[in-house]
Amino acid sequence: MDFLEKNILVVGLARTGVALCRFLAGHGARVTVTDQALPNDLAEPRRDIQGLGVVEDLGVAVPRWEGFDAIVLSPGVPPELPWLKAARAAGVPVVGELEVAAPFIRRPLLAVSGTNGKTTTTTLLGELLIASGLKALVGGNIGTPVVTLLGEQEGADYLVLEVSSFQLDTTSLFHPQAAALLNITPDHLDRYADYDAYIASKASLFQRQGANDLMVLNADDPAVAGLNRGISRVYFFSATRPLATGAWLDHDALKVRLAGGREEIFPLADIRLQGKHNLENIMAALLLALDAGADANACREVLAAFRGLPHRLEFVADLKGVSFYDDSKGTNVGAVATSLAHFDRPVILIAGGRDKDSDFSLLNDLIAARVKALVLIGETRQRLAQVWHGLAPVYLADDMAAAVARAWELSRPGEVVLLSPACASFDMYKDYAQRGRDFQNLVRELNHAD
């Protein structure tokens, strides 16, 4: 795509929006940026685009879109907004960052997607490659926007990208030479017509792959294992059964066997990050890394040290025999199910936030079996109390401080207090990380008071 002297409207002035403004202006486009937020609330990103000649159209829900050659969306902007539908109907292309970046990618591209685990897997994959002496640039939906990485790619061996369904919805050119789809569970159903539409969005990760490209799929996830595999090479991974090729859990080790017959063993005792869901993430990362030429011994060294990422079933503290865990990144039902299944002790679950049109009843059996008490917060607390009525005692809290205090009051030695909200954070916090930090700080205050 040639942007020289084209009129481009960028929608959203957060991290990706700023990067798009810089990239497009640098390629000679006449850029206008729009955001619903008021100018005073966007002081920092506005400073970041000063001097680029970018026109600002801020504080408006429906911007002026007529006369633009293309509209480029930040990942959080729903493509089905009425004014975007009108723009498409008028023949204006509406695309996302991946579509802008795709024609400029000059290095092999490894991509990771899935409802849960993609940030951990992407981060680990980058570390496996770098430890093997390969230069990997890591970004996408995690950290650095793709258009920013483009300026550094000449000295790189691989681009390693986390990719969300929102990003995939606005691209047709994106072509990863190897890609992993970790799992699919219901999420973001406020953005999709139904679960099948969400599955189709995730499956589009592979839409441009050819015979030499690689798909890495979860054999234990029916929605993933049942995807059309086209003509690509395929490796499966499984935590339940051995495979002819791919990766699997074999008693006390992970085994990897590639198509050429190469086989590597990674003992669980030498892997720091434990839990079934983490082992699945590790298997996917190993398959992508080893296929790309990573050294197995270097991979073993990384796995011995890799601790995982913050706010993902992160241990916070032990207070008088009560263990506190921060799983603030558990923003959907599938993530909470995974976290609850991790514990064989009674759990006081702190949940709630902003709903994404989720079916919370999918957690009923796990709550009945594993949860001692429910402490509910945020916009969904009344709805969650209704859905989970009778499964465990319910307590409503107005904020995180009240929730932590109530959970501590209810807990006994040998039990777990788990923040795993099953909801987005935007009703009370800037993002899941701020929510997790608040929880951790409040737990540490309990420790200090004790």
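Predicted model: local features only at pLDDT ≥ 70, side-chain atom pairs only at ≥ 80, totals over all residues.

Tutor: Residues are numbered from 1 along each chain as its sequence is written, and side-chain values use heavy atoms, with hydrogens and water left out.

Student: What makes helix 10 roughly antiparallel to helix 11?

Tutor: Start with the angle. Helix 10 (residues 276–291) and helix 11 (residues 296–305) pack at about 150°, and their axes are 11 Å apart. Angles under 35 degrees count as roughly parallel, over 145 as roughly antiparallel, 65 to 115 as roughly perpendicular and the rest as oblique. So the pair is called roughly antiparallel. Axes are lines fitted to C-alpha atoms, for helices over the stretch in contact, and angles run from 0 to 180 degrees between N-to-C directions. Helices (H or I, at least four residues) and strands (E, at least two) are DSSP runs, numbered from the N terminus.

Student: Which residues of helix 10 and helix 11 meet?

Tutor: Ile 282, Leu 286 and Leu 290 in helix 10 meet Ala 296, Cys 299 and Leu 303 in helix 11. Contact means heavy atoms within 4.5 Å. By class, the residues are six nonpolar, no polar and no charged. Here Ala, Val, Leu, Ile, Met, Phe, Trp, Tyr, Cys and Pro count as nonpolar, Asp, Glu, Lys and Arg as charged, and the others, Gly among them, as polar.

Student: Why is helix 5 called oblique to helix 11?

Tutor: Helix 5 (residues 118–131) packs on helix 11 at about 135°, with the axes 8 Å apart. That angle makes helix 5 oblique to helix 11. Leu 124, Glu 127, Leu 128 and Ala 131 in helix 5 meet Ala 298, Cys 299, Val 302 and Leu 303 in helix 11. This contact has seven nonpolar, no polar and one charged residues.

Student: What makes strand 1 and strand 2 a pair?

Tutor: Two strands pair if DSSP finds at least two bridges between them. Strand 1 (residues 7–11) and strand 2 (residues 30–35) run parallel and are joined by five bridges. They therefore meet the cut-off.

Student: What is the order of the six-stranded sheet?

Tutor: That open sheet has the order 15-16-20-17-18-19, with mixed pairing. Strand 15 (314–319) and strand 19 (394–396) stand at the edges, each with a single partner strand. Strand 17 pairs with strand 18 in the parallel sense over five bridges. Ile 348 stands opposite Ala 373 in strand 18. Strand 18 (residues 371–376) pairs with strand 19, also parallel, over three bridges.

Student: Why is strand 17 called largely enclosed?

Tutor: Buried means under 20% relative accessible area, exposed over 50%, partly exposed in between (1.4 Å probe, protein chains only). Five of the five residues of strand 17 are buried, so the rest of the structure largely encloses it. Val 347, Leu 349 and Ala 351 lie on one side, Ile 348 and Ile 350 on the other.

Student: What about strand 14: which side chains are buried?

Tutor: In strand 14 (residues 263–267), Glu 264 and Phe 266 point to one face and are buried. Strand 14 runs antiparallel to strand 13 (residues 253–257), with five bridges joining them. Leu 254 stands opposite Phe 266.

Student: Is Glu 66 buried or exposed?

Tutor: Its relative accessible area is 53%, so Glu 66 counts as exposed. Glu 66 lies in the loop between strand 3 and strand 4.
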